[in-house]
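Please look through the sequence and the 3D structure below before reading the briefing.

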Amino acid sequence: MAAAAGPSSSVKETLPPALGSTSQPPPVFDGTTRLYICYFCPFAQRAWVTRNLKGLQDKMELVAIDLQDKPAWYKDKVYAQGTVPSLEHDSEVRGESLDLIRYIDSNFDGPALLPEDAAKRQFADELFASANAFTKALYSPLLSHAAVSDEVVAALDKLEADLSKFDDGPFFLGQFSLADVAYVTILERVQIYYSHLRNYDIAQGRSNLQEFIDEMNKIEAYAQTKNDPLFLLDLAKNHLKIA
């Protein structure tokens, strides 16, 4: 059985303001399930998308943290690592985005985001295990102000091949799954960065990747979490100290 693509409501959620250094903390461990995110962080976005796909908007409160003006209480009272995303659930706080999205899928009601097929499950595990290396390969040349490297091309070519493993749909496991969530928020950004900063189209000559991006953009649970591309580009330029 294929994993479902989750709710497709076009009603856009009213988002709370991001909390900064002068804000007061929420009443931690009062029984409320809270997902702490930053609106422009790709790792937090993974958990945010998963929440939306599961239809948990009314059961999992979003708490946005301003990472550029981070409140001290977040690290002191909520999540000692101080990173996002984190999830406050059952009197515990969990983090690390790839672990967290699987936790949300397994521990909350809503559409199953991984298939039952054993071969697809195994490939999903492989994709999760490779996700951090993919992110590092794509971000490293940007951080070091290097040109498009052989490592970047190889990582993208591998992704292109991975997207052809199953032929029953345009996603990594054929039909939409949590494996797609693990990669799409990174791809959203590197497509912008490489296009503007390296004049390199990551989807050029990679038809599977282009179709994947096109189809992901049709999924409301993801599309509603996307930032304006120029906003993300400005953030990247500031971080990379590019005029």
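The points that follow are grouped by topic.

This is a predicted model, in which local features need pLDDT of at least 70 and side-chain atom pairs count only at pLDDT 80 or more, while totals for chains, interfaces and linings use all residues. Residues are numbered from 1 along each chain as its sequence is written, and side-chain values use heavy atoms, with hydrogens and water left out.

**Two helices**
- The axes (lines fitted to C-alpha atoms over the stretch in contact, with angles from 0 to 180 degrees between N-to-C directions) of helix α4 (residues 118-143) and helix α6 (residues 178-197) come within 10 Å and cross at roughly 10 degrees.
- Therefore α4 is roughly parallel to α6, a term for angles under 35 degrees.
- Helices here are DSSP runs (H or I, at least four residues), numbered from the N terminus.
- Contact means heavy atoms within 4.5 Å, and the residues in the contact of α4 with α6 divide into 18 nonpolar (Ala, Val, Leu, Ile, Met, Phe, Trp, Tyr, Cys and Pro), two polar (the others, Gly among them) and one charged (Asp, Glu, Lys and Arg).

**The largest nonpolar core**
- This core, a set of buried Ala, Val, Leu, Ile, Met, Phe, Trp, Tyr and Cys residues joined through side-chain atoms within 4.5 Å, has 76 residues, and Phe-134, Leu-138 and Tyr-183 are among those that touch the most other members.
- Helix α6 gives the most to this core, with 13 residues.

**Gln-45**
- Gln-45 lies in helix α1 (residues 42-53), and it counts as buried because its relative accessibility is 0%, where buried means under 20% relative accessible area with a 1.4 Å probe and protein chains only.

Key. Helix = DSSP H or I, 4+ residues; strand = E, 2+ residues; numbered from the N terminus. Parallel < 35°, antiparallel > 145°, perpendicular 65-115°, else oblique. Buried < 20%, exposed > 50% of the residue type's maximum accessible area, 1.4 Å probe, protein only.
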